[in-house]
Amino acid sequence: MAKRLIPTLNRVLVEKIVPPSKTTAGILLPEKSSKLNSGKVVAVGPGLHDKNGNTIPVSVKEGDTVLLPEYGGTQVKLGEKEFHLFRDEDILGTLHD
Amino acid sequence: MAKRLIPTLNRVLVEKIVPPSKTTAGILLPEKSSKLNSGKVVAVGPGLHDKNGNTIPVSVKEGDTVLLPEYGGTQVKLGEKEFHLFRDEDILGTLHD
Amino acid sequence: MAKRLIPTLNRVLVEKIVPPSKTTAGILLPEKSSKLNSGKVVAVGPGLHDKNGNTIPVSVKEGDTVLLPEYGGTQVKLGEKEFHLFRDEDILGTLHD
Amino acid sequence: MAKRLIPTLNRVLVEKIVPPSKTTAGILLPEKSSKLNSGKVVAVGPGLHDKNGNTIPVSVKEGDTVLLPEYGGTQVKLGEKEFHLFRDEDILGTLHD
Amino acid sequence: MAKRLIPTLNRVLVEKIVPPSKTTAGILLPEKSSKLNSGKVVAVGPGLHDKNGNTIPVSVKEGDTVLLPEYGGTQVKLGEKEFHLFRDEDILGTLHD
Amino acid sequence: MAKRLIPTLNRVLVEKIVPPSKTTAGILLPEKSSKLNSGKVVAVGPGLHDKNGNTIPVSVKEGDTVLLPEYGGTQVKLGEKEFHLFRDEDILGTLHD
Amino acid sequence: MAKRLIPTLNRVLVEKIVPPSKTTAGILLPEKSSKLNSGKVVAVGPGLHDKNGNTIPVSVKEGDTVLLPEYGGTQVKLGEKEFHLFRDEDILGTLHD
């Protein structure tokens, strides 16, 4: 059973971050409190070719925390873990503290 | 909880300016008085690659006051603050006194 | 309150010319007499990048009187004045006596 | 009142030729006899930029008699005269005796 | 009355070949017998500009017998003769004995 | 009556291979047994121009046995023979024993 | 009867991997357990031409185990074996243990 996926072209493999429903002190967070649709980059493809054959590298890298669009992404199950594949241009930005 | 977002590609992060409903002297402004859909640029992406691999920088910069289109933009909540993500080509212009 | 707008990319800011309903001698002009949809260019953007990163300047300039398409244009109110934003390629031509 | 229009980009200003309903000898021409949709070129724009920023001149010139497509063209009234604006690529060809 | 048309860009002027309904010996050909939609090239345009401003000549020439698509083509009457205008890329091929 | 067609641009003229309904020993083949939609390349066009005016040759050649898509292709009757015209990019591959 | 297919352009010939319904020890796997839509690359085309006529090689190679999209692919039967043809850009990634 395959455990690792190397994305092709400019695809990005992301493991979604499930926002905590309680604070660290155990207090239930209100349902509507800010739920960022974010995830951790697990693997990136080599990038796309531009019209002149140069390769345009993917704009995010392994380990980045990224903001994901509300829709889209292809679900991929590797073993028991669930991941999502996005195209580089659909990743909205990188998140930082 | 992430507090900062660096947009990807040619995306622009904007904090909308809520037009005052009263004048500085406290007089209620008529509902229909000119309501510019504007905002402050908070962060910009590195820009897009053109066909030859050159990067085309975003045409507005952090701190600019910009005129926004009536529709579009992706809502992003970072902590308690609300922002909107636009593509560079959707920003209509920069506003000046 | 912002009073000046510098358009982005190849956008053109135009102040529409309202055709006179009477002749200079005060005679009412027939409703259907030629009503050119025209305006004065107030400001232009820096232009668009072509595929090789060169900037293609806007084809009209501040002060030009231009023929506008029947439809399109984004309405923009700056203070009490009303303007319209067009893309360079939508301006039909420059008008001359 | 503007009397002259210089088209922008690759637009072509044409004055349509109204085919005679009678022969020079005054004989009524049958309704269906060949009615070429043609016109005289009055003014042409500077042309379009190609991807490398070169300007591609318009393929017809002032004074040419041209064959027009059945549909399309923007009507423009300058003073009492009626003209039509076409894009260069919509002009079908030049007519010669 | 114009008698000659020089097509613009990559347009091709064709005079359709009407397939004989009888053999040379006068025998009626069955209705369904092979009816090639073909024609004679009468005039060709100078060709299209590619992205770098080079002109790509039309791929057929005056005098060629060409295979035409089942649909498309703009009808043009010059004097009493009927022609059809096609774009170069719509001509299917050249016919030879 | 034209007997030969030289395709234009990147078109490919193919004579479809009708799969045998019986084995060489005369045994009826089951209706559903593998029916490859294939054909013999009879003639190819000179190829398409790319953006820089270079000609990209067609990827198959006369005599190749090719796998055809399930749909598409323009039927062409030359004399009593039936052929089909495909665009190069629609040919799925070349078949070999 | 053709037994081998060499794909054209950037097409990829894949033999789908049918996931085992039982573990090696013979225990029935739950229907919903992770079913990766994957396959083995059997043959690849020469690649596509970019705008400058350079050939962009296919991003996967013979022998790779690849992750396939849920939909798409053209079914091809060669002899008794079933294969699927995909375009290079539709292959999601390469799978590794």
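**Salt bridges**

Across all chains, this predicted model holds 14 salt bridges. In general, side chains of opposite charge can pair when their charged atoms come close. To view one example, select B:Glu15 and B:Lys81, whose side chains form a salt bridge with an N to O distance of 3.7 Å. Now show the strands around this pair. B:Glu15 belongs to strand E2 of chain B (residues 11-16), whereas B:Lys81 belongs to strand E8 of chain B (residues 81-87). The two residues lie 66 residues apart, and the pair thus links distant parts of the chain.

**From chain B to chain C**

Next, select chains B and C together. Which residues meet here, and how many come from each chain? Chain B contributes 19 residues to the contact and chain C contributes 21 residues. The size of an interface is often given as the accessible area lost when the parts come together. For chain B and chain C, about 1700 Å² is buried between them, with 60% of it on carbon and sulfur atoms. The number of salt bridges between these two chains is 0. Polar contacts, however, are found across the interface of chain B and chain C: 6 residue pairs, with both residues at pLDDT 80 or more.

Select strand E9 of chain B (residues 93-96). This strand supplies 4 residues, the largest share of the side of chain B that touches chain C. That side of chain B comprises 7 nonpolar, 7 polar and 5 charged residues.

Now superpose the two chains. A rotation of 51° with 0.0 Å of shift along its axis places chain B on chain C, with an RMSD of 0.0 Å. Why do the copies meet through different surfaces? Only 11% of the interface residues of chain B are also interface residues in chain C, so the surfaces through which the copies meet are different.

**From chain G to chain A**

Move to chains G and A. Here 19 residues of chain G contact 21 residues of chain A. The area buried between chain G and chain A is about 1700 Å², and carbon and sulfur atoms account for 60% of it. Between chain G and chain A there are 0 salt bridges, while 7 residue pairs are in polar contact, both residues at pLDDT 80 or more.

Select strand E9 of chain G (residues 93-96), which gives 4 residues, the largest share of the side of chain G that touches chain A. G:Gly93 is the bridge partner of A:Pro7.

Chain G is laid on chain A by a turn of 52° and a shift of 0.0 Å along the axis, at an RMSD of 0.0 Å.

**A hairpin in chain G**

Finally, select residues 74-78 and residues 81-87 of chain G, which are strands E7 and E8. How do these two strands pair, and over how many bridges? E7(G) and E8(G) pair in the antiparallel sense over 5 bridges. G:Thr74 stands opposite G:Leu85 of E8(G). The two strands form a hairpin with 2 residues between them. Select G:Gly79 to end the tour: this residue lies in the turn and has a positive phi of about 65°.

How values were computed
Residues numbered from 1 in each chain as written. Chains lettered and ligands numbered in written order. Predicted model: local features only at pLDDT ≥ 70, side-chain atom pairs only at ≥ 80, totals over all residues. Heavy atoms only, no water. Least-squares fit on C-alpha atoms with pLDDT ≥ 70 in both. Contact = heavy atoms within 4.5 Å. Pairing = 2+ DSSP bridges. Buried area = accessible area lost by both parts, 1.4 Å probe. Salt bridge = Lys/Arg side-chain N within 4 Å of Asp/Glu carboxyl O. Polar contact = N/O pair within 3.5 Å; in protein donor to acceptor, adjacent residues only side chain to side chain. Nonpolar A, V, L, I, M, F, W, Y, C, P; charged D, E, K, R; others polar.
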